[in-house]
Amino acid sequence: IKHYYNYLHNIGLVQENPTSNVQIKGVKRKILHNVFNKQELEKLYNDYKNLERESPATKRNEIILSLLIYQGLNTTELSRLTIEDIKLREGKIFINGTRRSNERTLKLEAHQILDIMEYQLKIRQEILTEVGKETDELFVSFSKGKTNMSNILRKLLQQLKKLNKKVTTVNQIRTSVITQWLK
């Protein structure tokens, strides 16, 4: 209507645009781009799992990727996970709440249970002994100080981009997972 009255004012049929001071505010919605479907997420996980390199870091990153794809965790939740949060006998993982999210318990997939058990018992211990530190964090890095999850995720993301050009961010994977849940 505002454009129509501007047109009428320009051709001289009205003296003033009565809608010039009217602004309608609405909810701005984000349009999701490059959302993966369930098959693409599964393929991404399987492609990463089948990489030739079998290093402790690759196995750790495989667990992180599985938690991103199957449980939809974000980077903060990943960095805050501890050994006590994993309940392998029950097949569940406990996520502590924050100011912005509630605490919750999520079900683990069957293959995740075995992979996480192997990581906890063998690979995590290898990393800890190699670095020479003691911590109850679930994911540890090869640095002497506190584990920097952003560095781990940056390297993981670089590898994922080589596997699939559509991958842009970790949040894109989380958004894709949540979109699948909502469908």
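1. A residue is called buried when its relative accessible area is under 20%, exposed when over 50%, and partly exposed in between (1.4 Å probe, protein chains only). At 15% relative accessibility, Thr19 therefore counts as buried. Thr19 lies in the loop between α1 (2-11) and α2. Leaving aside residues up to four places away in sequence, Thr19 touches Ile1, Lys2 and Tyr5; contact means heavy atoms within 4.5 Å.

2. This is a predicted model, in which local features need pLDDT of at least 70 and side-chain atom pairs count only at pLDDT 80 or more, while totals for chains, interfaces and linings use all residues. Residues are numbered from 1 along each chain as its sequence is written, and side-chain values use heavy atoms, with hydrogens and water left out.

3. Helix α6 has its buried residues at Met149, Ile152, Leu153, Leu156, Leu157, Gln159 and Leu160. These residues lie on the same side of α6, because they cover an arc of only 165° around the axis. On the other side of α6, Lys155 and Lys162 are exposed. The cover over the buried residues of α6 includes α2 (38-49), α3 (56-71), α4 (75-80) and α7 (170-182).

4. The axes of α2 and α6 come within 10 Å and cross at roughly 110°. The two helices, α2 and α6, are therefore roughly perpendicular to each other, a term used for angles of 65 to 115 degrees. Leu44, Asp47 and Tyr48 of α2 make the contact with Leu156, Gln159, Leu160 and Leu163 of α6.

Note on methods:
Helix = DSSP H or I, 4+ residues; strand = E, 2+ residues; numbered from the N terminus. Arc of directions from axis to C-beta. Axes fitted to C-alpha atoms, helices over the stretch in contact; angles between N-to-C directions. Parallel < 35°, antiparallel > 145°, perpendicular 65-115°, else oblique.
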